Amino acid sequence: MYLKQIEVGLMQNFNYLIGDPVTKECVYIDPAWEVDRVLKIAEHDGYRITKILLTHHHFDHVEGVPEVVSRTGASVCIHADDRDALEVEDVPVILLKGGDSFSLGSLHFKVIHTPGHTPGSVCYHLTTDDDPVGHLFTGDTLFQGNCGRSDLPGGDPKILYQSLNRLKGFEPSIKVYPGHDYGSKPVSTISYEKSYNPTLKVRTFQEFDLLP
Ligand SMILES: [Zn+2]
């Protein structure tokens, strides 16, 4: 599997390229800030971007969508509940809901609806035939060592708490790829986060709500 994690911009965003080495098709998660650089990496590595996957509508995750669409013709996937807030015009949009799945060659993606940071926040669960545990791209729902904010418009701490509880139910060894480089390492696991991330260690919403 082809997987590139690229840190971009001043807000420590992560962009991701994930592709099938046989078909050379590739998805681009949350394009923003340094799209030209990321597209050149994909091109250099011989990959063709066919889908843009958005974890949510916030500007620092979608700023580069128009440029990627115009340069690659990729379609844009976003959860239906974040569609209206997506301030990107005239691009082909595919609306997602929780439980949707699609494949790209040997890569299988499943949409996990994890609202709370925004109403349409999702995680993308990627598996392959060789790796059924796989990888989780968590956007601004779960960071290494923390979770996303729930005090922005459309956010809800109670709903975010429920979404984080859902992520705790994934295989402990599943790899976690967040939307920002805010932690002590760029890639984590659910097991590590359950041990060290205060927002996953709490046992009740009251405890969660008291976290700084
Ligand atoms: Zn966000």
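**Spaces, metal and loops**

Trainee: How many cavities of 30 Å³ or more does the structure hold?

Mentor: Ground rules first: this is a predicted model, where local features need pLDDT of at least 70 and side-chain atom pairs count only at pLDDT 80 or more, while totals for chains, interfaces and linings use all residues. Residues are numbered from 1 along each chain as its sequence is written, and side-chain values use heavy atoms, with hydrogens and water left out. On a 1 Å grid over the protein atoms alone, a cavity is a set of points where a 1.4 Å probe fits but cannot get out, a pocket is an open set with protein on both sides within 12 Å along at least five of seven lines, and lining residues have an atom within 4 Å of a point. With grid points joined across faces, edges and corners, and volume taken as the space filled by probe spheres set on the points, the number of cavities of 30 Å³ or more is 1.

Trainee: Which element gives the largest share of the lining of the largest cavity?

Mentor: That cavity has a volume of about 40 Å³, and its lining includes Phe14, Ile29, Asp30, Phe137 and Tyr177. Two or more lining residues each come from strand S2 (13-19), S10 and strand S13 (175-178), where strands (E, at least two residues) and helices (H or I, at least four) are DSSP runs numbered from the N terminus. The largest share, 3 residues, comes from S10.

Trainee: On to the metal: what do the angles make of the site of the zinc ion?

Mentor: Donors are N, O and S atoms within 2.8 Å of the metal (3.2 Å for Na, K and Ca), and sites may look incomplete with water not among the atoms. Here the protein donors are His56 (NE2), His58 (ND1), His117 (NE2) and Asp140 (OD), 2.1 to 2.3 Å from the zinc ion. Four donors count as tetrahedral if all angles lie between 85 and 135 degrees; four count as square planar and six as octahedral if opposite donors are over 155 degrees apart and all others between 65 and 115; anything else is irregular. The 4 donor atoms have angles of 89 to 170 degrees, and the site is irregular.

Trainee: How many residues apart in sequence are the parts that histidine 58 and aspartate 140 tie together?

Mentor: The donor spacing reads H-x1-H-x58-H-x22-D. Histidine 58 sits in the loop between strand S4 (48-53) and helix H2 (59-62), and aspartate 140 in the loop between strand S10 (131-139) and strand S11 (142-143), so the pair ties together parts whose separation in residues is 82.

Trainee: Which residues are closest to the centre of the second largest pocket?

Mentor: That pocket holds about 180 Å³ of space. Of its 13 lining residues, the closest to the centre are His117, Asp140, Arg149, His180 and Tyr182.

Trainee: And what is the volume of the largest pocket?

Mentor: Its 13 lining residues include Cys147, Thr199, Phe208, Leu211 and Pro212, which lie nearest its centre. By class there are 7 nonpolar, 4 polar and 2 charged residues, where Ala, Val, Leu, Ile, Met, Phe, Trp, Tyr, Cys and Pro count as nonpolar, Asp, Glu, Lys and Arg as charged, and the others, Gly among them, as polar. The volume is about 250 Å³.

Trainee: Last one: how many disulfides does the count come to?

Mentor: A disulfide is a pair of cysteine sulfur atoms within 2.5 Å, and the count comes to 0. For cysteine 77, the nearest cysteine sulfur, that of cysteine 26, is 13 Å away. For cysteine 123, the nearest is that of cysteine 147, 12 Å away. The disulfide count is therefore, by the 2.5 Å rule, 0.
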